Amino acid sequence: MIDNLSPNQRSAIKRAERNPELRPLLFRKAKGLKWFRAFEEAGFLDASSIPAPKSAKQEGYVTIPTWPIAQYLASASEELEEKDDAELVDKFLDFVSSATEHAVAHEFGNYRVWWNFATILSNCPSDLITEKYLGYVDYWLQDRFERGILAQQIGEDWFVRLIRQNTESSIGLAMKLLDLLYKVEIIDDKSGRPPKAVLRFETWNAEKLTEKTAHLAGSTIGIPAVEFYRQRLAKTVSELGIDRLSTIWRPAIEDHEQNLSTSDAEDILLTGFRDALLGLVEFSDRESVDYISGLFDCDSYVIRRVAIYVVRKKFHFLSSVVDKFLREDYFTYHYQHELWTFLNECFGKLDNYQKDGAKRIILSLKESDEKGVVHEAATAYRRAVWLSSIRKHDEEAESLYSEAIIKTGSEPDHPDFSSYMSVGWVKEEAPFSEEDLASCDIDELINRLNTYQDLPSQDGTTVEALVRSVRQVFKSNPLHFYESLPDLSGLRLPFLSGIIEAFTELWSEQAKLPWDDVVASVLELCEAVLVQDRVWSHSDIKNGAGDEEYCSRLIGNISRFIEKGVRSDEFAFAPSLLNNAEIILRRILDKQPAREFEVDSDAVSVSINSARGQSLEAFINLALRQCRLERDQHGSHEDSWKKYASFFQNQLDSGKDYEFITLLTTYLPNFYFMSRSWVVSNLTKIFSRENYQHWLCAMQGYSYVGSLIKEVYQFLAEDGSFSYALNDEYLGSRVRDRIVENVVVAYINGYESIDDQDGMIAFLVKRQVYGEISHLIWFVWTLRRKDRDHLQSKVLSLWAELVSNLSLETEEGRKLASRLCDWSVYIDSIDENTEPLIFYVAPYADDDFHSTDLLKSIARLSRSQPDKASELWLRVLERSFPIFPKKEFKEALENVAQVGPDGMRKAKKIAERYMIAGIDDPRLWLRDIGASQNK
């Protein structure tokens, strides 16, 4: 190495050789590697002169001296990468090694020197940092007097540099540094106090380090980094035995004022895991779905809490994971804050089945004592806690919440935290035990239940407990009671509702019963009850107390019983009983008023949860059941359809039955099966925009249809309903997404043409609304495994239209270009048709993190077109330098390099682009490929 020192600089070195006091000044002034050889020759690089701590003047204190030569080496090491001098790097590393070994041998440390050494190592090639040097880092981090500033240097500088290099060796080294930085020690002083977990440096340093590194690690390294934090957190809380107590030591996963202390090791590790997991979603939303889904299969409460939190924060990407924790066993204090907050923020974004499921779970929650006796006020309070999370999203939940707080006498304080829950309720019990009720004959049972005086209008607590006892008695002893069911028609409505619910549950469980006789008795009971005025006047017998809620519940339970009995042909009511079911449902639909709707109502949720809506749904399924039976017997079902057609027509013509219009469009393919001509002839009425509320309900219901009917699609496209819906402020993303999917399917099936400027596909392309085009691109990508030959030409034509309308001047335009890279799966070869498409979007592959699929396609194309694949690759490298997935990366590089000298030249050009960006792995891989070719 030529040092290029001036005569004055050489003279300064000579003076420093003669006078050691001048050396610190010289080392501070010396800049760059040009001094290194001269310093070495002068004997200044004496590793054994590393200074140890010295006693200070004040007794009991020490001073930690600086080491000027180490400061110079740290500064000069910044030029090592530029010089690319392996011998020089080895000299730097040897100096670090020798000095550290000397300190170890003499049992001292010097954190100021360790900071300099960490800087030197960070400037050396990562593949040269062997386990020996990691052992030195471990030693440095055990310094007696200070570790925090070293941890910051390692984490905030060295670790970040390694991440940004993004090579296999740099990522591997970064992971090893994480392991050293987050070493946990469990301290148990055997004094009877709980053991404590500590890191190796102060809280402030640990928090700052985690803030700088965890999210970055998750968003660049991905699952390996997240797994590190998860395993370290799980191991720590397991050794401390505090997993089940996580809501005490960490009330909220997010940063929150209720987290009174976040300084313990477990808190810092939790924060690291949380932030890394959030980063993982940005790294790969697809990988994160599978990974986060798997977290719910582990046995750690705190890990699952973090997972729920991340699903809430990244709901757009992780909505498919919701079913993993929207289960009854998560509605406990262990997950209360995270699940309550999730429901409070995301309930409106759930599909209706998930919403209905959540409400059912909440309504099934109970509080009981050690004997299993349910306490109604405590139960009501627990339900109120959870209902409060969704009440703003759901009318029924609001009503149920109001009912619950009447029973408890107060609203829950801070319902999102279990530690704030009030427990001052009165625990009341059912007045009769289940054993007492089961031993009664029918007359005695009726007398006991109807003469019970604690009516719902006064308190309701023990009445509800008694209802549940009645339900359980009938469910446990159906053969004892079923023949006498018609004799119970005079029972109070709450108890009748419980009895119907008991037999509905037995049907759902397909219990071994003489079902024809049982169903006949249940239906006879229902008929006898529904002819009574008290059901429709909302007054119970004996005292005339208003009881609208129980009337609605009874009607809903009757409807659900019938709906479950006719939905499936495999386990269904006997055909001879269907007329009885029809009479019951017609009676309900004649009497039960329709619900009021607002423009911002969730029409499907309201309809499937209201008493009338449940009856309509049962009636539709009954009509379908009878049509199927007639078709199977006679080859057609015209007679069965005629039985129901007039009712459906009357409801449609009324224009005010919003529950019906919502369910009609939700079940539109089923109506199309029952009568194609009826559906087609009524499309103008079904999707009429003369009544705005009617149209909103129709479009919301249609968004739940999973198949496309040509006549319906063409009507909605030509009628303008689709274009109006895309612009409507009250119709949410579900409706808009389903319209986009309809348009794509219509285009693929030939109902739409890209050349028809008045068609919906052209309308979407010209609109260039980011959310619509983004969903369109994603939906087309999901079809890649279906009838690909038919799809390919359609996709390429659509791609050309999108590209011609795409604006790369905007961030959204570049993100759409990135997403279009996923369509590379439809390209079999790069030719005059496909080259303009893929080359146009390739430079933007990483603008929205879609380079992974494109690299896979490059690898695939390189098998038959290595030249074109290399050109495409170079287009990608104009703006980003993706290196994952490595398997396909290496395959593509090898395929390109194998095409003779010209191929190797192109492969080297690709590797050089990565080198310029600080990523050396491709060069090393290419070197191995060349060596293999030369054998």
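A residue is called exposed when its relative accessible area is over 50%, and buried when that area is under 20%. With those two words in hand, here are some views of this predicted model.

Figure 1. Welcome to the overview. Along its principal axes, the C-alpha trace spans about 115 × 80 × 45 Å. The chain has 935 residues, and 56% of them are buried. Among contacts with a separation of 6 or more, 73% join residues 24 or more positions apart. The accessible surface comes to about 40,900 Å², and carbon and sulfur atoms contribute 46% of that surface. As for charge, there are 111 positive and 149 negative side chains, with the centres of the two sets 6 Å apart.

**Figure 2. Glu107 sits in the loop between α6 (86–105) and α7 (111–122).** Most residues other than glycine have a negative phi. Now look at the side chain's surroundings. Glu107 has a relative accessible area of 71%, so this residue is exposed, the cut-off being over 50%.

**Figure 3. Asn166 belongs to the loop between α9 (148–165) and α10 (168–181).** Here is another backbone to inspect, with phi of Asn166 near 55°, again a positive value in a residue other than glycine. Is Asn166 buried or exposed? Asn166 is buried, because its relative accessible area of 15% falls under the 20% limit.

**Figure 4. Ser77 occupies the loop between α4 (68–76) and α5 (80–83).** The relative accessibility of Ser77 is 0%, and therefore this serine counts as buried. Which residues does Ser77 touch, leaving out those up to four places away in sequence? Its partners are Phe92, Thr119, Ile120 and Asn123.

**Figure 5. Ser601 lies in the loop between α30 (578–591) and α31 (603–609).** This serine has a relative accessibility of 8%, so Ser601 counts as buried. Leaving aside residues up to four places away in sequence, Ser601 touches Glu395 and Gln700.

**Figure 6. Helix α41 covers residues 733–748.** Follow this helix from end to end: its 16 residues reach 22 Å from the first C-alpha to the last, close to the 22 Å expected at 1.5 Å a residue. The buried residues of α41 include Val735, Ile739, Val740, Val743, Val744 and Ile748. Arg738, Glu741 and Asn742 are also among the buried residues of this helix, as are Ala746 and Tyr747. Which helices do the buried residues of α41 pack against? They pack against α38 (692–702), α39 (710–719), α40 (721–727), α42 (760–767), α43 (770–782) and α44 (788–805). Just after α41 comes Gly750, which takes a positive phi of about 90°.

**Figure 7. Helix α43 (770–782) is one of the helices that the buried residues of α41 pack against.** Its 13 residues reach 18 Å from the first C-alpha to the last, close to the 18 Å expected at 1.5 Å a residue. Buried residues of α43 include Ile773, Leu776, Ile777, Phe779, Val780 and Trp781. Glu772, Ser774 and His775 are buried in α43 too.

Notes. Residues numbered from 1 in each chain as written. Predicted model: local features only at pLDDT ≥ 70, side-chain atom pairs only at ≥ 80, totals over all residues. Heavy atoms only, no water. Buried < 20%, exposed > 50% of the residue type's maximum accessible area, 1.4 Å probe, protein only. Contact = heavy atoms within 4.5 Å. Areas by Shrake-Rupley, 256 points an atom, 1.4 Å probe, with all protein chains shown as cover. Lys, Arg positive; Asp, Glu negative; His and termini not counted. Charge placed at Lys NZ, Arg CZ, Asp CG, Glu CD. Helix = DSSP H or I, 4+ residues; strand = E, 2+ residues; numbered from the N terminus. Expected span 1.5 Å × (residues − 1).
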